[in-house]
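Hello,

Here is the structure we spoke about handing over. Please look at it first, and then read the notes below it.

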Amino acid sequence: YQRRVHGGLKEAACLGLACCYLGGILWKMRALTTKARIALAHRQAVREGKRTYIDPITGLTVFTILEHKNRGSCCGSGCRHCPYNHVNVPKKRLTEATATEARARGPDDKSPVYTRTGDKGKSSLFNGERRTKDDLVFAALGDVDELNSVIGVLRYYVAQSPNDHVLFDRQLNFIQNKLTDAGASLANPDAVNDVGNLFRFDQKDVRVLENWIDTMTRELPDIKAFLLPGGGALASHCHLARTVCRRAERSAVRLGGTHSVNPAVLRFLNRLSDFFFMAARRAAFAEGDGDTAVIRNQTWEEDDW
């Protein structure tokens with residue numbers, strides 16, 4: 001009798017463990033299926049140029065990335081397809097949303113930050129094509145990304161400056177968003193038009209920079225000589241952004257030698273370096289340093305020091 005009881009308990013325990021294991025697998029399959037269905041619905045809506053789609057799980061209407069890009073900035077609501085990295089979402093709300101998503105993924109799922117698909121030195125373009133990471137496309141993307149990061153540091157010095165640079169910070173925010181669009185366009189080479197108008201990039205964006213440059217030109221003294229980079233922390237970081245921008249432009253031009261690149265992207269990068277040059281001059285004058293002219297054929301004399 002005892003053997004039968006113990007045997008029954010053992011079988012029940014094994015059955016319970018099997019049910020738990022199976023339940024975990026089913027939970028993961030359900031989570032993956034849910035993600036796949038949502039991703040498919042969103043992809044189809046973007047392909048058709050739609051601003052919204054119906055969530056296949058909840059039946060609710062959800063904004064596509066097209067609508068977010070049309071809005072031009074993060075709305076602060078923690079939207080599912082926000083292309084602005086949720087910059088305006090309150091930290092508490094973003095933490096709660098992240099925790100909810102983590103619970104949906106399950107405790108054993110890996111972070112979505114890494115995919116392992118690039119471990120062999122290849123990555124994907126926007127159209128899904130796989131290329132080696134030293135490809136001209138990724139070189140241009142990397143330089144544009146580095147420029148965007150340098151502007152992020154520049155905005156820190158803008159915030160630390162005792163002078164009023166509210167407009168300048170807004171301009172830099174606009175530029176960072178447009179550089180994201182530029183990178184997306186470069187990641188989709190040879191496309192006749194930017195897919196579904198997702199990455200709106202045209203001559204209007206270039207004219208915005210030109211208007212800003214014209215305004216600073218009217219406000220500042222005429223340039224009478226070649227200038228040395230410098231003039232305080234803010235001006236120096238403007239010069240750093242200028243030089244990195246020049247490198248990004250060279251990479252994009254190099255890419256354009258073998259692929260069809262949106263000419264507005266090239267013009268934007270070209271004009272952007274001019275903007276940073278004038279912004280550096282404006283910052284230098286605002287900080288009381290002004291222009292520092294190059295001294296041609298200068299010699300070092302010990303007696304002068």
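Predicted model: local features only at pLDDT ≥ 70, side-chain atom pairs only at ≥ 80, totals over all residues.

Residues are numbered from 1 along each chain as its sequence is written, and side-chain values use heavy atoms, with hydrogens and water left out.

The whole protein

The protein has eight helices and four strands; helices (H or I, at least four residues) and strands (E, at least two) are DSSP runs, numbered from the N terminus. Along the sequence their order is α-β-β-α-α-β-β-α-α-α-α-α. Of the 305 residues, 33% count as buried, where buried means under 20% relative accessible area, exposed over 50%, and partly exposed in between (1.4 Å probe, protein chains only). The accessible surface is about 19100 Å², and carbon and sulfur atoms hold 55% of that; such areas come from the Shrake-Rupley method with a 1.4 Å probe, and for residues only the protein chains shown count as cover. Among contacts (heavy atoms within 4.5 Å) with a separation of 6 or more, 60% join residues 24 or more positions apart.

Helix pairs

Two packed helices are described by the angle between their axes and the distance between the axes. The axes are lines fitted to C-alpha atoms, for helices over the stretch in contact, and angles run from 0 to 180 degrees between N-to-C directions. Angles under 35 degrees count as roughly parallel, over 145 as roughly antiparallel, 65 to 115 as roughly perpendicular and the rest as oblique.

Helix 6 (residues 203-219) and helix 8 (residues 263-286) have axes that come within 9 Å and cross at roughly 20°. That makes helix 6 roughly parallel to helix 8. The crossing is left-handed, a term used if the near helix is turned anticlockwise from the far one by less than a right angle (right-handed if clockwise). By class, this contact of helix 6 with helix 8 has eleven nonpolar, two polar and seven charged residues. Here Ala, Val, Leu, Ile, Met, Phe, Trp, Tyr, Cys and Pro count as nonpolar, Asp, Glu, Lys and Arg as charged, and the others, Gly among them, as polar.

How do helix 4 and helix 8 lie to each other? The axes of helix 4 (residues 136-160) and helix 8 come within 14 Å and cross at roughly 25°, and the two helices are therefore roughly parallel. Leu147, Ile151 and Leu154 in helix 4 meet Leu269, Leu272 and Phe276 in helix 8. These residues divide into six nonpolar, no polar and no charged.

Helix 4 also packs with helix 5 (residues 166-186), at an angle of about 170° and with the axes 10 Å apart. Helix 4 and helix 5 are therefore roughly antiparallel. Their contact holds 13 nonpolar, six polar and two charged residues.

Two residues

Arginine 282 is in helix 8 and touches Phe168, Gln171, Met216, Glu219 and Leu220, leaving out residues up to four places away in sequence.

Glutamate 210 lies in helix 6 and, at 25% relative accessibility, counts as partly exposed. The C-alpha atoms of glutamate 210 and phenylalanine 268 are separated by 9.5 Å, and the two residues are 58 apart along the chain.

Regards
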